[in-house]
Amino acid sequence: MSRTILALCSVLLLVLSACGGATASAPATAAPASEAPASEAPASAPTASETAAAGEAACAPSSEIGSVSATMANFAFSPASITASVGDVITWTNNDSAPHTATVTSDPTCTTDSLASGATGSLVFNTAGSYEFFCKIHPTMKGTIEVS
C-alpha cells in the first residue's frame, strides 16, 4: 500500500509542478549602459517604406520646375545620387531619344509621367528619408534620393 501512495504522490507532484511552473518568472534585467532607452535614441530619417507604412505620402508628382535638377541621358540618371531638402521639387529633363520615367521604388504612385525626349517631369518630397528610384520603362536605370 505504501508503494501505491508513493506512486500517487509522485504523479500528483508531477501534475502540480507542470501546472504551477507557468507562474514563475525570471527577474527583469536592466539594459546595458551602452544602450539608450528608445525615447532617448537619436532620431534618424525614416525610409520610404517606413513613411508609407505610417500612411503618409512621402512624395508626389509636381507640375513645378524644381530647385533640384537632374537629367536622363545615355540610359542613366545624372546625378544618380540626388540630395534634397524636405519640400524641394526635383525636376528631371530627358536628354535621351527614348522615353523615361523617374519612379520611387517603394511608392510607384510617386512617379513622373513618361517623358519624351526634351520633356521634364518633377517630384516633390514631403518627408525626410532615403528613396531609391528607377525608370519604369528601363528598370536598369536606377538612382537614390536623400531628403533631409
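Tutor: Let us begin with a definition: a disulfide is a pair of cysteine sulfur atoms within 2.5 Å. Please keep in mind that this model is predicted.

Student: How many disulfides does a search of the whole structure find?

Tutor: The search returns 1 disulfide. Its partners are Cys 59 and Cys 110, with an S to S distance of 1.6 Å. The two cysteines belong to distant parts of the chain, 51 residues apart. Cys 59 is in strand S1 (residues 59-62), whereas Cys 110 is in the loop between S6 and strand S7 (120-125).

Student: Are Cys 59 and Cys 110 buried or exposed?

Tutor: The cut-off for buried is under 20% relative accessible area. Cys 59 has 5% and is therefore buried. Cys 110, at 0%, is buried. Cys 135 is also buried, with a relative accessible area of 0%.

Student: How is a pair of aromatic rings described?

Tutor: Such a pair is described by the distance of the centres and the angle of the planes. In this structure the count comes to 3 aromatic pairs. One of them is formed by Phe 77 and Phe 133, with 4.6 Å centre to centre and 65° between the planes, an edge-to-face arrangement. Phe 77 lies in strand S3 (residues 76-78) and Phe 133 in strand S8, so this pair ties together parts that are 56 residues apart in sequence. Both residues, Phe 77 and Phe 133, are buried.

Student: What are the geometry and class of the pair formed by the rings of Phe 125 and Tyr 131?

Tutor: The ring centres of Phe 125 and Tyr 131 are 5.1 Å apart and the planes stand at 55°, so the pair is tilted. Phe 125 is buried at 0% relative accessibility, and Tyr 131 is buried with a relative accessible area of 0%.

Student: Which residues form one aromatic cluster?

Tutor: The cluster consists of Phe 77, Trp 92 and Phe 133.

Student: What is the strand order of the open sheet?

Tutor: The sheet has 4 strands in the order S4-S9-S8-S6, and its pairing is mixed. Strand S4 (81-84) and strand S6 (103-104) stand at the edges; each has a single partner strand, so one side of each lacks a neighbour in the sheet.

Student: How do strands S8 and S9 run, and how many bridges join them?

Tutor: Strand S8 (residues 129-134) and strand S9 (residues 142-147) run antiparallel and are joined by 6 bridges.

Note on methods. Residues numbered from 1 in each chain as written. Predicted model: local features only at pLDDT ≥ 70, side-chain atom pairs only at ≥ 80, totals over all residues. Heavy atoms only, no water. Pairing = 2+ DSSP bridges. Buried < 20%, exposed > 50% of the residue type's maximum accessible area, 1.4 Å probe, protein only. Phe/Tyr/Trp six-rings, centres within 6.5 Å; stacked < 30°, edge-to-face > 60°.
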